[in-house]
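Thanks for making the time this morning.

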Amino acid sequence: MKKFSKGMSFDFDKESDHLRHIKVKLVWKYNKGENNNLKLDADLTLAVLQTVGRNNNGDIVKNIFAEDEGYLVFYNSPLKDKINGDIWTPGKEIHHTGDCQTGEEGEEADIFLDKLHQKADEIPIIATIHKGEERNQNWGSLQGKLQIINQDTGEILGEYDFGAEIPTATASHVGSIIRTENGFKYESIGSGFNASLSQFIDNWTQEPDLPL
């Protein structure tokens, strides 16, 4: 198992023989002696993005695929199954198993890369702490980690202890799965924020200054 750090990447084609069915798993553990009986609730969110243009600074603008909210995969998705709580994207590209408040069990999502539309070129992986600022919880105290798993074999391919790199943040763009010329790779981003999920969504619904 590889230990990832910020900026490291994993090429699914070169290192895992054309791997196309993966699982991403967010796990956490509170490392303080006292939690004041507060709930621990970390959430895993994924989005399917496509490049739509550039802004005036020349930066690439990526928005939610097909402008369809079904490609935003999070605990309160309108597509959530009312019985078992799991969530599927419209094309069955991602399966999120739903909200979990047990850090050792964690929240997880299966990703079927071969089902992604050719215009879908990135899946950002976002981790947020529910009411983190209100409860004085951050990724340093929750010891947040992301695991990349070969779903066909159950092997953990890599683990990223992102909480150690952003100890005061309550939200993180942990990493992204990115389409390459030959397939797909995972890249650790490790950006920390004191932000809500809505602020990430705002970044994925921009109107580009220079469309494709």
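**A buried charge, and what surrounds it**

Let me begin with Glu93, which is buried and yet has no salt bridge, the nearest side chain of opposite charge being that of Lys115, 8.1 Å away. Please keep in mind throughout that this is a predicted model.

A polar atom of the Glu93 side chain lies 3.1 Å from the backbone nitrogen of Gly91. If we set aside the neighbours within four places in sequence, Glu93 is in contact with Tyr71, Asp110, Ile111, Phe112, Lys115 and Leu116.

Now to the sheet. β8 and β9 both belong to an open sheet of seven strands, whose order is β1-β13-β12-β3-β10-β9-β8 and whose pairing is mixed. At the edges stand β1 and β8, and because each has a single partner strand, one side of each is left without a neighbour in the sheet. Further in, β3, residues 21-27, pairs with β12, residues 145-150, in the antiparallel sense over six bridges, and there Leu26 stands opposite Leu146.

Next, strand β4, residues 42-47, where six of six residues are buried. In a regular strand the side chains alternate between the two faces of the sheet. In β4, Ala42, Leu44 and Leu46 point one way while Asp43, Thr45 and Ala47 point the other, and all of these are buried. As for its partners, β4 runs antiparallel to β11 and is joined to that strand by five bridges, with Ala42 paired to Ile129; β4 also pairs with β7, residues 72-73, again in the antiparallel sense, over two bridges, where Ala47 stands opposite Leu72.

In soluble globular proteins, nonpolar side chains tend to be buried together. Here the largest nonpolar core has 50 residues, and the members that touch the most others are Phe12, Val24, Leu46, Trp139, Ile177 and Tyr186. Strand β11, residues 120-129, gives the most to this core, with six residues.

Which residues does Ile177 touch, beyond those up to four places away in sequence? Among them are Phe12, Val24 and Tyr186, as well as Ile111, Leu113, Ile123 and Ile125, and the charged residues Asp121, Glu122 and Lys185.

Note on methods:
Residues numbered from 1 in each chain as written. Predicted model: local features only at pLDDT ≥ 70, side-chain atom pairs only at ≥ 80, totals over all residues. Heavy atoms only, no water. Core = buried A, V, L, I, M, F, W, Y, C linked by side-chain atoms within 4.5 Å. Buried < 20%, exposed > 50% of the residue type's maximum accessible area, 1.4 Å probe, protein only. Helix = DSSP H or I, 4+ residues; strand = E, 2+ residues; numbered from the N terminus. Contact = heavy atoms within 4.5 Å. Salt bridge = Lys/Arg side-chain N within 4 Å of Asp/Glu carboxyl O. Polar contact = N/O pair within 3.5 Å; in protein donor to acceptor, adjacent residues only side chain to side chain. Pairing = 2+ DSSP bridges.
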